[in-house]
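Visitor: I have a new model open and would like to learn how to read it. Could you walk me through some of its features?

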Amino acid sequence: MHRYFDLIDIAYNKATLVVRVIELLEGNPDGYVGRPLTITEQSQTFRIEFDRVTEFRTNAEQCFTPEGTTRNITPFVFECVGSKYASQACPLGAGAGEAARHFVVFTESVVVEVLSLNEPTIEG
């Protein structure tokens, strides 16, 4: 079963990035698209924390194309192994001189791409 998520918020401070997402569930029929995806009382929220972040960017979901080989971590987080973005990471700042890893938080509205030295911790 495919699951869908939406972005709640993003917070960045001192090389730590926190992304919060919420699950979208099928709502009541609306007469137009069938059963639209909505946030309900049963929607689960998740907190994804990246430490040792070298940089990050956001992009509209419709404009995102994965790079390299993808490795799924959760239904909404994956790693792009061998991506061009990771190979072009800024050589200054947090984690300078170490190989950054390219992670993606995928939601229905916004895709958050993160270069971090570590895999994220995920709560929810």
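Guide: Happy to. One thing before we start: this is a predicted model. Now let us go to a pair of residues: Phe50 is buried, and Phe103 is buried too.

Visitor: What does "buried" rest on here?

Guide: A residue counts as buried when its relative accessible area is under 20%, and as exposed when that value is over 50%. Across the protein, 33% of the 124 residues count as buried.

Visitor: How many aromatic pairs does a search of the whole structure find?

Guide: The search gives 7 aromatic pairs. One of them joins Phe50 and Phe103, with 5.9 Å from centre to centre and 45° between the planes, a tilted arrangement. Phe50 belongs to strand S4 (residues 45-50) and Phe103 to strand S8 (residues 101-106), so this pair ties together parts that are 53 residues apart in sequence.

Visitor: Which other pair could I look at, and is it buried or exposed?

Guide: Phe64 sits in the loop between strand S5 (53-60) and strand S6 (69-72), while Phe78 is in strand S7 (residues 77-81), 14 residues apart. Both Phe64 and Phe78 are buried. Elsewhere, Phe5, Phe46 and Phe76 make up one aromatic cluster.

Visitor: Which charged end sits over the ring of Tyr85?

Guide: For this feature, look for a charged group placed above the face of a ring. Here the charged end of Arg57 is over the ring of Tyr85, 3.7 Å from its centre.

Visitor: What is the order of the elements from the N terminus on?

Guide: Reading an order like this is a matter of walking along the chain. The protein has 1 helix and 10 strands, in the order β-β-β-β-β-β-β-α-β-β-β. For its dimensions, the C-alpha trace spans about 55 × 25 × 20 Å along the principal axes.

Visitor: Where is Asn13, and why does it count as exposed?

Guide: Asn13 is in strand S1 (residues 4-13). Its relative accessibility is 52%, and therefore Asn13 counts as exposed. From Asn13 to Glu79, 66 residues along the chain, the C-alpha atoms are separated by 22 Å.

Visitor: And what about backbone angles?

Guide: A value to look for is a positive phi in a residue other than glycine. Lys14 is one such case, with phi near 50°, and Arg52 is another, with phi near 55°. Lys14 is in the loop between S1 and strand S2 (16-26), and its relative accessible area of 74% makes it exposed. Arg52 lies in the loop between S4 and S5 and is partly exposed at 36%.

Visitor: How many positive and negative side chains does the protein have?

Guide: There are 10 positive and 17 negative side chains, and the centres of the two sets lie 5 Å apart. As for the surface, the protein exposes about 7200 Å², of which carbon and sulfur atoms supply 49%.

How values were computed. Residues are numbered from 1 along each chain as its sequence is written. This is a predicted model: local features need pLDDT of at least 70, side-chain atom pairs count only at pLDDT 80 or more; totals for chains, interfaces and linings use all residues. Side-chain values use heavy atoms; hydrogens and water are left out. Rings of Phe, Tyr and Trp (its six-membered ring) pair if their centres lie within 6.5 Å; planes under 30 degrees apart count as stacked, over 60 as edge-to-face and the rest as tilted. Helices (H or I, at least four residues) and strands (E, at least two) are DSSP runs, numbered from the N terminus. Buried means under 20% relative accessible area, exposed over 50%, partly exposed in between (1.4 Å probe, protein chains only). A charge sits over a ring if NZ of Lys or CZ of Arg is within 6 Å of the ring centre and within 35 degrees of the ring normal. Accessible areas come from the Shrake-Rupley method with a 1.4 Å probe; for residues, only the protein chains shown count as cover. Lys and Arg count as positive and Asp and Glu as negative; His and the chain ends are not counted. The place of a charge is taken as NZ of Lys, CZ of Arg, CG of Asp or CD of Glu.
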